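Have a look at the picture first.

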Amino acid sequence: MAGHLVSRHLATSINWERSTRLVSASVFLLSWQIAASLADNRLLPTVTAVLRAMLQQTISGALPWNLAITLGRVAAAFTLSLLLGSALGIAMGRWRRLDLLLDNAVTVLLNLPALVVIVLIFVWFGMTEIAAIAAVALNKLPTTVVTLREGARTLDPGLAEMAESFRMSRWRTLRHVILPQLAPYIFAAARSGLALIWKIVLVVELLGRSNGVGFQIQIYFQLFDVTMILAYTFAFILVVQVIEWAGLQPLERWATRWRR
Amino acid sequence: MGRPAAAGTLGNAMAQVILRLHVESKSFHTDRGELPVLGRIDIALGGREIVALVGPSGCGKSTLLRIVGGLDTDFQGALDWRGGVMPHIGTVFQEPRLLPWRTVRQNLLLAQRTANPDLAGALLHALDLVPFSDAFPATLSLGMARRVAIARAFAIAPELVLLDEPFVSLDPAMVARGRKLLLNTWRARPTAVLLVTHDRAEAASLADRILLLAERPTRVLQEIIVPQELRRSTEPA
């Protein structure tokens, strides 16, 4: 009975949250539509004009093609920075000497402007696909390291001792004892990483690639075509939001279901 | 150590000594130098014997248990196992130390080197935990979580179980129930048990032998062999 009441309360709360988000998005789009109609200026196109441009670019195939290229770069840079950053962060959180050795480098990378990293990597390694992905990953790496280092410092020594006492293998300990404790930190790094990486990917494409959403935005910037700039931008935002809603959020809920 | 075990009273339990522990000394390294914790201690433990280490809080009982469990190797002395091989040891820590993201049953299965769901199921039954098999530890009371920790220790088919104050901070009814269920489990799967407690009554109700420990640096003050007629007087549940 109590369980039923709790789940009903939870469902009501989720519905309330969803409708609030829907109202917020509707108010934004409506305000934009009204403002653009009143302004009647090509620098502020209406919502419907942007949607029309998105549809036209989708039918022509340009939008899905460039979107796919950019998403590929986001996925590669995201995976690289998350894997390397997590491994390094966990190691630095566990081993004080390694932390002391790399701490300065991490701080420097944290404070280095993304543009500087991108330009230097393009200058040193050429405007290649690998250099582009490495430049993006390197920009995200230090924040992942810092987040996971904090996570590794909060690991429960009691559970580590329990695993040792039961002679659990290193792999079993990592999988069942360490990684679940780090899950909130990994998800925090992943979510902030996704938000940061797609922005940097667009800059990299604008500076040194000949395709992708960033490159298209650069072309339409030169043509002063705000409608197309917004069409590409919103298409990409939509895709990233779908990844967040349909991928990361359910995965996080599943990984932390034991807390409820 | 105190006097040797009396012949006849502990014959079966001591028949096969699985562990001989000799501690010459053990210190903790602190900012203010070495802090001696354990003095000279000798313990021999039979294959089906329950030995209780009784002493005041902070006297080093848990440190002794950590040494036996192989979690602390920084001591002067020797730990000799029967056949020279460290046996399977099931440890019950003072705090249950269950994995909060695994259900009760999964906590038992994860401790096993090779998954043995039948043994896990039998232990959940023996410790009255079947209704909570699929519950996460956060939903359990402390008493239940402690019983899960005991089940987990026995789930690896151990040759030695280390119990570190398994019923501390529980109300008397829960303590009595916990002791009964522990003894039932042990009777079904007899094994060597080293029990740390500060409660002499608990030691007397569970153990074959009681080693009374002195304060730091800890040594054995007295060895008491619990009379046969009083031994494990707790009625089976």
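How many residues sit between E1(B) and E2(B) in their hairpin? There are 2 residues between these strands of the hairpin.

A quick note before going on: this is a predicted model, where local features need pLDDT of at least 70, side-chain atom pairs count only at pLDDT 80 or more, and totals for chains, interfaces and linings use all residues. Residues are numbered from 1 along each chain as its sequence is written, while chains are lettered from A and ligands numbered from 1 in the order in which they are written.

Helices (H or I, at least four residues) and strands (E, at least two) are DSSP runs, numbered from the N terminus. Two strands pair if DSSP finds at least two bridges between them. Strand E1 of chain B covers residues 17-30, and here are its antiparallel partners:

| Partner of E1(B) | Residues | Bridges | Facing residues |
|---|---|---|---|
| E2(B) | 33-38 | 5 bridges | His29(B) opposite Glu34(B) |
| E3(B) | 41-46 | 6 bridges | Leu19(B) opposite Leu45(B) |
| E5(B) | 76-81 | 6 bridges | Ser25(B) with bridge partner Gln76(B) |

Now for the place where the chains touch. The contact (C-beta atoms, placed from the backbone, within 7 Å) takes 11 residues from chain A and 15 residues from chain B. On the chain A side, helices H7 (157-165) and H8 (170-208) each supply at least two residues, and H7(A) gives the largest share, 6 residues. That side of chain A divides into 6 nonpolar, 3 polar and 2 charged residues. Here nonpolar means Ala, Val, Leu, Ile, Met, Phe, Trp, Tyr, Cys and Pro, charged means Asp, Glu, Lys and Arg, and the others, Gly among them, count as polar.

Notes. Contact = placed C-beta atoms within 7 Å.
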